[in-house]
Amino acid sequence: MRTLFANGTVVTADGSYRADVLVEGETIVQIGVDLGASVRADEVIDASGKYVMPGAIDVHTHMKLPFGGTFAKDDFDTGTRAAAFGGTTTIVDFAVQSKGETLHQGIDKWFALAEGMANVDYGFHMIMSDVNDATLAEMDQVVAEGIPDFKLFTAYPGVFYSPDDHIFRAMQQTAKNGGLIMMHAENGPAIDAVAAQLVADGKTDPYYHGIARYPVFEGEATSRVIKLAEAAGAPVYIVHLSVIDALRAVREARDRGVQAFAETCPQYLFLSLDDLGDGFNGSKFVCSPPLREKNPNWAELMTGLRRNDLQVVSTDHCPFDFHGQKELGRGDFRKIPNGLPGVEDRVDLLHDGGVVAGKLTRERWVEVVSTTPAKMFGMYPKKGAIAVGADADIVVYDPNRKHVISAKTHHMDVDYSCYEGRSVQGGSDVVMSRGMVVVQDGEWKGKKGYGKFVKRAVADYSRVV
Ligand code: URP
Ligand code: ZN
Ligand code: ZN
């Protein structure tokens, strides 16, 4: 099967140009001007007036994550289908090692969740909850099996939390095996102390979730884990960075030449502490780190993206229904499952609030939603690129189409949207996943189980910069 994307503007991290793109089977085989005149194709997709860009990559999702006595709602079928509708053709989800388990017990569980279910390609990172001699040794094997990154937490004491010595030992191990430590950086014990004081004072509404998690607790933990990584001689990647205090820590380290990297998420660019304030409705916005004050954080994070203090925008997609799940925390915000839906909206929100708003170039937008995630997580140039030999993960993106985000029309399996009623400019008209058109003009054409596990390589962090 040969498909020609004709008459579009190819938009990549490096630049934009008019060209046609020919796909044969699962691969991009030719790029050139007016290819239609010289090549045979079974299908021609007219991309006039549209962008032809690499499929977006969301490197932070949690399908079926166990949290607070319940499970994130989307599974690999509904979650990857929603991702595809939003122009995302690869996700990297977090396999969870629970306390007392081997890493492989966690990985096996995640393969069982994903196999035969995923609609687009997927990889795994490893949440490491139990650092000991055996699991440290097992890390090397996990890296060799195509899962080269490990998320550790300075938050959530008693659940995912690791003390500094465990974090440091895991970093020493990745310094040897070439893997990457991803850090959830918030000072969990300090947060728990403040949260207990607030609840004792009768301050139990979702809003106080945001109050308990001081910005300085994220700034302190971010600076601490970066210093631990420096001491271990390992690169480090800060996940879901939300606030200027943490951004400063990353920027300061990078300015000194430290291999520190960070992502932020749309919720920290476009939602704020105010959203948490609407009585128990605010539970829809409970995630960690929490939503922050709009000023100065939104502008500072966007500047951080522009200046490459932040390299990636992911979603931290972790959806819980308002009814029955978020409601577990009525009367005590500490019991609200943490996480927001977002896998479907990331690309459009960042196009609208970044490119259309004049804050990011379209090339930088492609870079932070696709190309750098591919480079950072060992998938480039197979993914994240419009290039001969790359996987045919291609989006025909209409930069002018407007739509309104709503739970009534989204494809995520969750009963609300954090962006309900928000109008955005830009949308994915055609989405191709490894040679298969999965979305066309709002219609689902994909196949459950088509998505394959991406065995990822150890990344060359010097290519990420
Ligand atoms: O609130 C969040 N972020 N939930 C998902 C788990 C995590 O910390 O990433
Ligand atoms: Zn986290
Ligand atoms: Zn997460």
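Analyst: A polar contact is a pair of N or O atoms within 3.5 Å; within protein, one must be able to donate a hydrogen and the other to accept it, and residues adjacent in sequence count only if both atoms are side-chain atoms. Here a nitrogen atom of ligand 1 has a backbone N or O atom of Asn 338 at 2.9 Å. A side-chain N or O atom of Asp 316 is 2.6 Å from a nitrogen atom of ligand 1, and an oxygen atom of ligand 1 lies 3.4 Å from a backbone N or O atom of Gly 339.

User: What conventions apply to this model?

Analyst: The model is predicted: local features need pLDDT of at least 70, side-chain atom pairs count only at pLDDT 80 or more, and totals for chains, interfaces and linings use all residues. Residues are numbered from 1 along each chain as its sequence is written, chains are lettered from A and ligands numbered from 1 in the order in which they are written, and side-chain values use heavy atoms, without hydrogens and water.

User: Which residues surround ligand 1?

Analyst: A residue is near a molecule if one of its heavy atoms lies within 4 Å of it. For ligand 1 there are 14 such residues, and the closest are Lys 151, Tyr 156, Ser 288, Asp 316 and Asn 338.

User: How is the shell around ligand 1 divided?

Analyst: Ala, Val, Leu, Ile, Met, Phe, Trp, Tyr, Cys and Pro count as nonpolar, Asp, Glu, Lys and Arg as charged, and the others, Gly among them, as polar. The shell around ligand 1 holds five nonpolar, seven polar and two charged residues.
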